[in-house]
Amino acid sequence: MNTELPNLQADAFTAIDGERLFGATRSAHPPRLLLLYGSLRARSFSRLALLEAERILHRLGAETRVFDPAGLPLPDGADDDHPKVQELRELAAWSEGMVWSSPERHGAMTGIMKAQIDWIPLSLGAVRPTQGKTLALMQVSGGSQSFNAVNQMRILGRWMRMLTIPNQSSIPKAFLEFDDEDRMRPSACYNRIVDVMEELVKFTLLTRDVSGYLTDRYSERVESADELSRRVNQRSL
């Protein structure tokens, strides 16, 4: 077998660095998790499910913030300095992981859910506010169980360069799962939320201190090297 790799740029291709991957100093603070939900209804089941998830996350030792999407303008419908946009972006920068919880409407996530994600940019200067952060997905449905919303959000999580955990929660007939106090009844659906939050915290603890190395890409190192070369070797005017 011919083992030559003539297409590789040697100065940008490096061996896996076990010290960077396994030897990183571990952070001592609680995992910081941002929770987003996709409905403005007074009794929003996506919000109620998210609040159950938040209670579990607190028991697991995480620090959480829940963003209220009320008042968030449509993407491109206001300037970036809008207070709700700034609040959302500051929370995204603060977080080490996220939970997205959306109703399924017309076979898809809601526009409110998508608007929140669209207001979080892929990059802010040299910083990518979501890259390498963990993500857990949840959806609620008014009818039979479906996975359309979580499947769509999983695509978005990949696009945002997030580490989306394998497990996910989908709650069918959500109106039957909550009591008059807006607390979730004991059920397999509740147990699945516990599973998902446990997994999210584990993945966050495993990856948050090495997320920069996990998402370091050969193609981008090549591009950066080429840009540096052009800058250093440009002719004086």
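Tutor: Happy to! Let's begin with a pair of strands: S1 and strand S2 (residues 63-67) run parallel and are joined by five bridges. Two strands pair if DSSP finds at least two bridges between them; strands (E, at least two residues) and helices (H or I, at least four) are DSSP runs, numbered from the N terminus. This is a predicted model, where local features need pLDDT of at least 70 and side-chain atom pairs pLDDT 80 or more, while totals for chains, interfaces and linings use all residues. Residues are numbered from 1 along each chain as its sequence is written, and side-chain values use heavy atoms, without hydrogens and water.

Student: Which residue stands opposite Glu-63 in S2?

Tutor: That is Arg-32. From S1 the chain passes through helix H2 (residues 45-59) to S2, a right-handed β-α-β crossover: with the strands pointing away from the viewer, the path from the first strand over the helix to the second runs clockwise.

Student: Which residue of S3 is opposite Leu-35?

Tutor: Val-99. S1 pairs with strand S3 (residues 97-103) in the parallel sense, over five bridges.

Student: Why is S1 largely enclosed by the rest of the structure?

Tutor: Because five of the six residues of S1 (residues 32-37) are buried, meaning under 20% relative accessible area with a 1.4 Å probe, protein chains only.

Definitions and conventions: Buried < 20%, exposed > 50% of the residue type's maximum accessible area, 1.4 Å probe, protein only.
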